[in-house]
Protein chains: 2
Amino acid sequence: MSGRYPDRVRRTADEAAAAGLEAVLVAPSPDLAYLAGYDPPPLERLTLLVIRPGADAVLLVPTLERPLALASPLGADLEVVGWTDGDDPYQAAARLLPGAGRIGAGDRMWASHLLGLQRAVPEASFTTASPVISRLRAVKDANELAALARAARAADESFRQICSTRFEGRTEQDVSHDLEDLLVRNGHRRSDFAIVASGPNGFSPHHEPGGRTIRARDAVVMDFGGEFGGYFSDTTRTVVVGEPPPGFPEVYDAVRAAHDAALAAVRPGAAAQDVDRAARHTIELRGYGERFFHNTGHGIGLEVHEPPWIGEGNDLVLEPGMTFSVEPGIYLEGRFGVRIEDIVAVSADGVDRLNRSTRDLQVVD
Amino acid sequence: MSGRYPDRVRRTADEAAAAGLEAVLVAPSPDLAYLAGYDPPPLERLTLLVIRPGADAVLLVPTLERPLALASPLGADLEVVGWTDGDDPYQAAARLLPGAGRIGAGDRMWASHLLGLQRAVPEASFTTASPVISRLRAVKDANELAALARAARAADESFRQICSTRFEGRTEQDVSHDLEDLLVRNGHRRSDFAIVASGPNGFSPHHEPGGRTIRARDAVVMDFGGEFGGYFSDTTRTVVVGEPPPGFPEVYDAVRAAHDAALAAVRPGAAAQDVDRAARHTIELRGYGERFFHNTGHGIGLEVHEPPWIGEGNDLVLEPGMTFSVEPGIYLEGRFGVRIEDIVAVSADGVDRLNRSTRDLQVVD
């Protein structure tokens, strides 16, 4: 067997062997979509891709979804084993597994399924499959990079367009709905988030857009993205309505400088945490260290948030083709927040910015 | 503390004690929405509601989501503890947990989080929290029943309207899009699924609507639903385009008889599996036993599929207020499928059908 999905399964088996895993188990999730091109919704009925070094991969599925599984891209290349309502699916899985040793479970598998598997194979020791699967997924191929770049451009265009709309006198929800519409109009299949956090609400990085009416001299953080051809966009810009609020320019400048420093730290051979340190050091020097209370970024691809995490403690070495966000921020309680976020790819010798929106402060009406 | 959410948390603690659990752990999921009215998306950063018998509940959240958690309905009634990127969230959770004993994990918690917790509290034994939480969630209160009835009526109206549209010569996808639009026009926030399985595609219960053009004499299975005020609709009807295909009338009649038998078996004091047996026995008597290869139903509420499972092996005793689907089906490979599905509530002395669409065979153009 050959092709994109069989290759990914084979590489997973190889990496599993190298990691000392007897098996890797993947339930419906972006991991399964990546490995098998099969993407059913996660449900209570167990669907499980079993990858073992030195053996053919097996897909265990509920009988009523067997036709779907057989029609999936990998359906012809692996054994599809059905279990029927009334059977114990975990015992069915156990028959495909070693009775002991280390078994890796995909990160997004539901606890109910993991607990069922642990009970069915009590002598095995379960661990995260992330060191195997996330490593593969982290390095994007040319098609994946093109898809992420397309999504980023559509998000950039949405930002350009939202800046020419009215902010003052409208609610956060109004602007958020406009952003969602723009994302779709610019090619996204759907908008997944469109944070609009005005004035003091900007203190909350994951603010839920609400009924607050945007006023003159508000800073407005907009963090938005969605799915475009299976891959995600995610970008943030902070704008001001007319004159900036007191103290804003130096904070904006600090975030932009941190963004610059982080971008400059992205290159093959650097560690993920080096990028975080570059941003954090810049912000600390300006006296806002305590106000930057999240990681500098996260991987992006088939999920909005996926490994690699760009934070302290992650010594993963960056490789060309890895894609992640760079999004330092400063949050002043009761006043405003500032965040600037671009998606970047590690290139052969540095960084390729997939978002290209201006980072010059935009003044909106 | 009093009110809907504090009451639910208190009852969870009581049930946990009765079940011999030292703690119940709930990550972002419908369980968390049910218990705390807090519904952030599940992400890699650990958010965890910790409920312990005899202690106040604690919500562990990423610092950057602390403002959101505090603003949630239960935010003022429980302790909200933040952990910051760079901390080990599982160690932070371990400080809130007993060092040993049985700990229940919510069914939808991600494996990555469960494995992290198991590592951080190695002496504890983790098990599913479902016997505690699912039992509470299974019995709906009056508000929840009203929401489910409203969603069911909107789905019924969508079915009535789709029957007067054209089927012949259009693709499954076309009809599926129409169904999605109708669900939304009739009040759903969104459509979550709109299976249209025509002719031989009806063999696949979870068929993905595709480019097949619907023809005269096709049977067409339509299984659709979505979210309406936080609760779900889910209904299925099978129609024919003009004359039914050969052998169809007796199969349709068998499914309808099984549906009748299952409805008649729903009453307080019966077991969940009694409802399945009633449907299955009817279909077996007509010689189609092997062609009915899934459970008769599933619970429904904040999730489309949730406990109780209406299948063999589930001796859960039905109580007034439990809501679930009744959906027997017969699937003939290469020919057609038939399924009829209604959502029902267990009433004080029998069954309350929330879907009321006619079950008489509808002939469409």
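Tutor: Domain bounds come from an automatic or database domain assignment. For chain A that assignment gives domain 1 (4–137) and domain 2 (139–364). This is a predicted model, where local features need pLDDT of at least 70, side-chain atom pairs count only at pLDDT 80 or more, and totals for chains, interfaces and linings use all residues. Residues are numbered from 1 along each chain as its sequence is written, chains are lettered from A in the order in which they are written, and side-chain values use heavy atoms, with hydrogens and water left out.

Student: What makes Glu306(A) and Arg137(A) a salt bridge?
Tutor: The term asks for a side-chain nitrogen of Lys or Arg within 4 Å of a carboxyl oxygen of Asp or Glu. The N to O distance here is 2.8 Å, so the pair qualifies.

Student: How many salt bridges are there between domain 1 of chain A and domain 2 of chain A?
Tutor: The count is four.

Student: How many residues of these domains of chain A are in contact?
Tutor: Contact means heavy atoms within 4.5 Å; 10 residues of domain 1 of chain A touch 10 residues of domain 2 of chain A in this sense.

Student: Why does the span of helix H7 (residues 142–162) of chain B agree with its length?
Tutor: A helix is a DSSP run (H or I, at least four residues), numbered from the N terminus. Its expected span is 1.5 Å times one less than its number of residues. With 21 residues, H7 of chain B should span 30 Å, and its end C-alpha atoms are 30 Å apart, so the two agree.

Definitions and conventions. Helix = DSSP H or I, 4+ residues; strand = E, 2+ residues; numbered from the N terminus.
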